[in-house]
Amino acid sequence: MDLGTIKAFNMLEQKMMFHANRQEVISRNIANADTPGYRRRDINEPEFKKMLGNNLGSLKMKLTDGNHMTTETSPINDGTHDTGKKVRLDVEAYEMMTNSGAYAQATSTYKKLLTMIKDSVKGGN
Amino acid sequence: MKKICFLSLVFPVLLFVSNAEAGSIKRSMETSVSALKAQSKRMEIIAQNIANYETTGLTANADPYRRKVIFFENRKDPKTGANILSVRRIAQDDADFKLMYQPSHPAANEEGYVKYPNVDRTLESLDLKEAQRSYEANISAIETGKAMIERTLELMR
C-alpha cells in the first residue's frame, strides 16, 4: 500500500472536517441573523500546504528560546473568530454555497481515490 | 485475502470520516432547527400584535393591549454542544398608546379620548416578512447540511 495515498486520505478528511465545521458556523450566523449585537463569525481555512509539510515531518519550527511564539494553530473545532461584521443573509447564502461545493469536491476526490485503490487491489478489472 | 486487507483498511477511515462530519453537520442542523422554533415564536408574537391592534380596554380610561416584543439570545446547548438560538424573553413595548376621540366609547376617558394599542401594522407586517426570510434561510441551511451528509454517505456506496 502506497503511503502517499493514505496521506491524501488524511488531507481530504481534514478538508471535509473543515467544511463541515464551516457549515456549522454559517448555520450559526444564519440562525442569529436577527439577534441584537450578534456579529458574524467565521473560521480560517487551514493551510493545506503547510499541513502537507507537517505530514511529511518537515517545515515544523522549533522553539529554541523562551520568547519564541509557538507555531501551533488553534484546533479547527472551536477556532471561530469574530469578523466584526453584521450578518447578511445574502453573504451567508453565498458562503454556504461555496462551502458545500468545496465539500462535494473533497468527497468526490475521496471517492475517486477509493476507486483507485480498489482497482489496484483488483488488478484492473 | 487482498480484499479483506482492503476492507479492514478502508472501513475504519470511512467510519471516522462519517462520525466526525456527522457531528458538526448535526450540530449545524440543531442550530438551524432551534432558529426555526425561535422564528416561529416570533411570528406568533407578531400575529398576536396584529390581531390585537384594535383591542381597547373595557372600562373608562383602561389600558388597551400593549405591543409585545421578543428578544433572542445565542447560547450553547449543554446537551448537544450546539450553539442554539432561543427566546430570551418576551417584553412589552413601552411606547405611548394612540389616542382617538370617541366620546361614546365605553373605554373613553373624561375628555372623550380612547386609548388604542401601540401597534403599528406596517411595522408588524415588515417584521413578519423579516421573520419569514430568516425562516427560509434556516431551511436552506438545513437542506445544505442534508446534502453534505448525503455526500458523505455516498462514499460508502
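Mentor: Residues are numbered from 1 along each chain as its sequence is written, and chains are lettered from A, with ligands numbered from 1, in the order in which they are written. In this predicted model, local features need pLDDT of at least 70, side-chain atom pairs count only at pLDDT 80 or more, and totals for chains, interfaces and linings use all residues, while side-chain values use heavy atoms, with hydrogens and water left out.

Trainee: What pLDDT does chain B average?

Mentor: Chain B averages a pLDDT of 86, and 86% of the residues score at least 70; pLDDT is the predictor's confidence in each residue, from 0 to 100. For the complex, the predictor gives an ipTM of 0.73 and a pTM of 0.74.

Trainee: Which pattern does chain B follow along the sequence?

Mentor: The pattern is α-β-β-β-β-α, with two helices and four strands. Helices (H or I, at least four residues) and strands (E, at least two) are DSSP runs, numbered from the N terminus.

Trainee: Why is Ser27(A) called buried?

Mentor: Buried means under 20% relative accessible area, exposed over 50%, and partly exposed in between (1.4 Å probe, protein chains only). Ser27(A) has a relative accessible area of 0%, so Ser27(A) is buried. This residue lies in helix 1 of chain A and touches Ser28(B), Thr31(B), Ser32(B), Asn138(B) and Ala141(B), not counting residues up to four places away in sequence. Contact here means heavy atoms within 4.5 Å.

Trainee: What is the largest nonpolar core, and which residues have the most contacts inside it?

Mentor: A nonpolar core is a set of buried Ala, Val, Leu, Ile, Met, Phe, Trp, Tyr and Cys residues joined through side-chain atoms within 4.5 Å. The largest has 13 residues, and those with the most contacts inside it are Phe9(A), Leu12(A), Met16(A), Tyr103(A), Tyr110(A) and Ile25(B). Helix 1 (3-31) and helix 3 (89-122) of chain A each supply at least two residues of this core, and the largest share, six residues, comes from helix 3 of chain A. A second, separate core of seven residues includes Ala38(B), Ile70(B), Phe72(B) and Leu85(B).

Trainee: How do you know that helix 3 of chain A is roughly parallel to helix 2 of chain B?

Mentor: The two helices pack at an angle of about 5°, with their axes 9 Å apart. Axes are lines fitted to C-alpha atoms, for helices over the stretch in contact, and angles run from 0 to 180 degrees between N-to-C directions. Angles under 35 degrees count as roughly parallel, over 145 as roughly antiparallel, 65 to 115 as roughly perpendicular and the rest as oblique. Therefore helix 3 of chain A is roughly parallel to helix 2 of chain B. Among the contributing residues are Tyr103(A) and Ala104(A) from helix 3 of chain A, and Ala137(B) and Ala141(B) from helix 2 of chain B.
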